[in-house]
Amino acid sequence: MEKTFYIETFGCQMNAHDSEKVVGTLLHEGYTQVETVEAAHYVFYNTCSIRDKAEQKVFNRLQHFKRDAGKGKVFAVIGCVAQQEGEKIFDRAPHVSLVAGSASYTKLPQMLVQLEAGNKRVTGLSLDTDEAFDTPFTRRDNPHRAYITIIEGCDKSCSYCVVPFTRGPERSRTSASVMEEARRLTDSGYSEIQLLGQNVNSYRDPSAAGWDFATLLDRVGTVGGIRRVRFTTSHPRDFVKPIVDAIDSNPNLCNHVHLPVQSGSSRVLEGMQRLYTRDQYMERISWMKNARRPIAITSDIIVGFPGETEKDFEETLSLLDEIQYDSIFSFKYSQRPDTAALQMSDHIPEEEKTRRLTIVQEKQRAIQIRQNSALIGAVEEVNVEGRHEALGLWVGRTSRNRTLNFTHAGPETGAELLGKYVHVHVTRGGPNSLAGETVN
Ligand code: SAM
Ligand code: SF4
């Protein structure tokens with residue numbers, strides 16, 4: 001029991017991948033992972049603080065284990081809430097012994113030694129690092145698709161966002177270490193790689209090679225054994241045409257770009273300090289719409305940013321009409337500590353934010369039904385990701401990042417089909433997925 005740990009992860013893909021690295025480091029240090037809090041001596045929560053709701057989740061968990069259930073266990077809060085709240089977490093949840101942000105994970109082995117020595121107040125909260133958390137011990141959850149962090153932190157200062165405070169300044173990894181990791185992954189059977197960063201477009205190779213993001217993307221796409229390369233997230237300000245050119249010329253690069261716009265109103269974009277106007281964003285969209293390969297475009301939208309008028313909101317709706325995104329994530333603006341937007345006047349009432357969110361989601365749902373119905377009759381290549389036993393369906397993903405549920409009459413067993421690439425004839429399109437059957 002002494003060297004067992006349980007970890008629960010909240011939030012984005014960066015956090016999911018950080019957890020894979022934390023798990024790998026713990027296993028290397030001789031710990032054993034268990035599936036329940038009850039069976040664990042060390043309990044790790046890798047937290048998200050992007051919106052208030054996400055932040056509350058970890059405190060609810062901690063509250064639950066405050067009394068007897070948590071006796072004899074060592075609780076660790078890591079990730080964005082840890083960085084944001086710091087030592088205040090010890091006051092709010094005195095049964096927590098470790099509070100560490102992602103910029104300190106390189107020191108995880110040292111922090112574990114302190115915990116094992118019985119230290120009840122271990123912290124890793126310095127953002128003062130130029131190192132990225134790059135470890136050879138990553139324990140990946142998915143056997144076919146792997147994340148590779150290429151850049152950590154964020155140097156932008158969007159007025160609503162906590163990330164620059166919780167993840168620190170940008171640190172890019174050398175292109176040689178990224179390429180080496182990609183090769184190692186394909187050697188061990190991975191065929192899909194997802195390059196990760198809060199703003200991958202501002203990747204700058206710190207070594208003499210000096211590659212920019214478009215060059216790195218292009219080169220990763222040429223690694224032998226790779227079938228698909230994805231990347232997230234792009235920032236419109238740093239999204240340049242050579243990225244689209246790379247996608248156009250290399251079919252191993254997935255034809256999907258997630259390019260968060262946040263708002264269709266240039267006035268709101270200025271208040272958000274997003275550093276582009278609607279017209280500049282539309283220019284980037286036109287590069288993709290004019291590409292030779294059909295590129296799926298997805299986005300993030302925030303409604304109810306302080307001072308967002310009805311007219312501003314309508315501009316977001318007209319942007320959705322104009323672009324016809326393949327899908328979006330949409331959020332109500334949430335006030336975050338330390339951010340510039342907190343000081344702005346004219347906060348929008350919660351009910352109004354809810355109303356605007358519903359309108360955005362209904363509009364986008366109609367767009368997706370149209371987009372997906374238009375694919376009926378097409379044959380799509382999917383990577384097989386899973387099996388829905390109850391429905392008797394396989395679950396695959398297309399290069400353009402659509403989920404395609406399908407039937408398959410072939411002789412392969414599950415183990416043989418998972419991770420494979422098969423061609424599927426699309427027979428139905430719903431708001432969030434496609435359905436079909438494999439073609440021989
Ligand atoms: N770095 C990425 C970017 O620039 O888009 C992703 C940042 S964040 C993990 C993902 C999304 O959360 C953002 O694109 C934004 O739409 C949303 N978000 C961030 N802060 C928010 C806030 N205070 N309230 C509501 N949504 C927020
Ligand atoms: Fe947050 Fe803006 Fe940085 Fe994205 S680019 S992480 S939204 S500050």
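How do the residues of the lining of the second largest pocket divide into nonpolar, polar and charged? They divide into seven nonpolar, five polar and seven charged. Here Ala, Val, Leu, Ile, Met, Phe, Trp, Tyr, Cys and Pro count as nonpolar, Asp, Glu, Lys and Arg as charged, and the others, Gly among them, as polar.

This is a predicted model, in which local features need pLDDT of at least 70, side-chain atom pairs count only at pLDDT 80 or more, and totals for chains, interfaces and linings use all residues. Residues are numbered from 1 along each chain as its sequence is written, chains are lettered from A and ligands numbered from 1 in the order in which they are written, and side-chain values use heavy atoms, with hydrogens and water left out.

**Pocket and cavity**

The second largest pocket holds about 370 Å³ of space. Its lining has 19 residues. Nearest its centre lie Arg 51, Asp 52, Lys 53, Ala 54 and Ser 334. Three elements each supply at least two lining residues: helix H2 (52-64), strand E14 (327-332) and helix H13 (350-373). Helices (H or I, at least four residues) and strands (E, at least two) are DSSP runs, numbered from the N terminus.

Now the cavity. One cavity of 30 Å³ or more turns up in a search of the whole structure. The largest cavity contains about 30 Å³ of space. Its lining consists of His 17, Lys 21, Phe 133, Asp 134, Thr 135, Thr 138, Arg 173 and Glu 181. By class, that lining has one nonpolar, three polar and four charged residues.

The two terms rest on a 1 Å grid over the protein atoms alone: a cavity is a set of points where a 1.4 Å probe fits but cannot get out, a pocket is an open set with protein on both sides within 12 Å along at least five of seven lines, and lining residues have an atom within 4 Å of a point. Grid points are joined across faces, edges and corners, and a volume is the space filled by probe spheres set on the points.

**Helix pairs**

Two packed helices are described by the angle between their axes and the distance between the axes. Axes are lines fitted to C-alpha atoms, for helices over the stretch in contact, and angles run from 0 to 180 degrees between N-to-C directions.

| Helix pair | Angle | Axis distance |
|---|---|---|
| H11 (278-289) and H12 (310-323) | about 15° | 12 Å |
| H7 (175-187) and H8 (213-220) | roughly 25° | within 10 Å |
| H12 and H13 | about 15° | 10 Å |

H7 is therefore roughly parallel to H8. The term covers angles under 35 degrees. Their crossing is right-handed, meaning that the near helix is turned clockwise from the far one by less than a right angle. Ser 175, Val 178, Met 179 and Ala 182 of H7 meet Leu 216, Arg 219 and Val 220 of H8. Contact means heavy atoms within 4.5 Å. This contact has five nonpolar, one polar and one charged residues.

H11 and H12 are roughly parallel too, and they cross in a right-handed way. H11 brings Arg 278, Tyr 281, Met 282, Ile 285 and Lys 289 to the contact, and H12 brings Glu 315, Ser 318, Leu 319, Glu 322 and Ile 323. Five of these residues are nonpolar, one is polar and four are charged.

H12 also packs with H13. These two are roughly parallel, and their crossing is right-handed. Among the contact residues are Phe 313 and Leu 317 of H12, and Ile 359 and Val 360 of H13. The contact divides into six nonpolar, one polar and six charged residues.

**Two backbone details**

The peptide bond from Thr 232 to Thr 233 is cis, with omega near 5°. Thr 233 sits in the loop between strand E11 (228-232) and helix H9 (241-249). Asp 338 is not a glycine, yet has a positive phi of about 70°. Asp 338 belongs to the loop between E14 and H13.

Methods
Parallel < 35°, antiparallel > 145°, perpendicular 65-115°, else oblique.
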